[in-house]
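Trainee: I have a model open and want to learn how to read its features. Where do we begin?

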Amino acid sequence: MMTQDLRHLLDNNRAWAARMELERPGFFQKLARQQTPKYLWIGCSDSRVPANEIIALDPGEVFVHRNIANVVVHSDLNALSVIQFAVDHLKVEHIMVVGHYGCGGVLAALRGTRVGLADNWLRHVYDVKLRHRSRIEHLPIAQMEDVMCEMNVIEQVGNVAMSNVLQDAWARGQNVSVHGWCYGLKDGLAKDLGVTMSNAGEVVNVFRGAIKRYPRDLSGGVRASVALQ
Ligand SMILES: [Zn+2]
């Protein structure tokens, strides 16, 4: 029964493989021998944010890790293994952490919506909000949501950069940069958040510079002091 339901997908697959082979004879045979992607994409699992399509790359050109709300946690062996393999073995030159506006995971963390097991995962995003609340809580709701999506990316770029994988790679002089992007579901465009880190020495300054682009509420001194109590 399952096979019946998915028949159209397998048909799609056959048609796609035939078209690829027709347009570029030997494509799959060449790819089967080895992969040499230059990029590692760390993105959200959201079905509307597919890595290869958005940056128009073929199979073999981007190594991908996705989870809910594109979070990189130092105790997550899955993400760390992907990063380690990509950096140490594939020698990717660029790692993009790609968030997206309207991210359900980020919004759930921001609103305190209970979603089940993922609450524990999204706690990491909530922590981002707590850490930078003076730059977030005074904003109108729509802007607050967009800023949270961007700040979450910036935090995760910092987490990638501070991982021992990146620190070790930079210490031995390897050419690899970490970037932060935020993708717009409404227009299909990815925005560079200007948080690119290319060596260990610039991590802290780049991170601070990126965060400072989100001004604190200068008029709400009273509210801020209440919130801090
Ligand atoms: Zn998302």
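Mentor: Begin with pLDDT, the predictor's confidence in each residue, from 0 to 100. Here the protein averages a pLDDT of 94, and 94% of the residues score at least 70. This is a predicted model: local features need pLDDT of at least 70, side-chain atom pairs count only at pLDDT 80 or more, and totals for chains, interfaces and linings use all residues. Residues are numbered from 1 along each chain as its sequence is written, and side-chain values use heavy atoms, with hydrogens and water left out.

Trainee: Over which residues does pLDDT stay under 50?

Mentor: Residues 224-229. The model has 3 contacts (heavy atoms within 4.5 Å) for them beyond four places in sequence.

Trainee: Which residues coordinate the zinc ion?

Mentor: Donors are N, O and S atoms within 2.8 Å of the metal (3.2 Å for Na, K and Ca); water is not among the atoms, so sites may look incomplete. Here C44 (SG), H100 (NE2) and C103 (SG) coordinate the zinc ion at 2.1 to 2.3 Å. Their spacing along the chain is C-x55-H-x2-C. C44 sits in strand 1 (residues 39-44) and H100 in strand 3 (residues 94-100), 56 residues apart, so the pair links distant parts of the chain. Helices (H or I, at least four residues) and strands (E, at least two) are DSSP runs, numbered from the N terminus.

Trainee: Are C44 and H100 buried or exposed?

Mentor: Both are buried. Buried means under 20% relative accessible area, exposed over 50%, partly exposed in between (1.4 Å probe, protein chains only).

Trainee: How is a pair of aromatic rings described?

Mentor: By the distance of the centres and the angle of the planes. Rings of Phe, Tyr and Trp (its six-membered ring) pair if their centres lie within 6.5 Å; planes under 30 degrees apart count as stacked, over 60 as edge-to-face and the rest as tilted. The whole structure holds 4 aromatic pairs. One of them, W16 with F28, is edge-to-face, at 5.5 Å centre to centre and 70° between the planes. W16 is partly exposed at 32% relative accessibility. F28 is partly exposed too, at 28%. W16, F27 and F28 form one aromatic cluster.

Trainee: Where does A56 lie?

Mentor: In the loop between helix 4 (51-54) and strand 2 (62-67). A56 has a positive phi of about 50° although it is not a glycine. With 66% relative accessibility, A56 counts as exposed.
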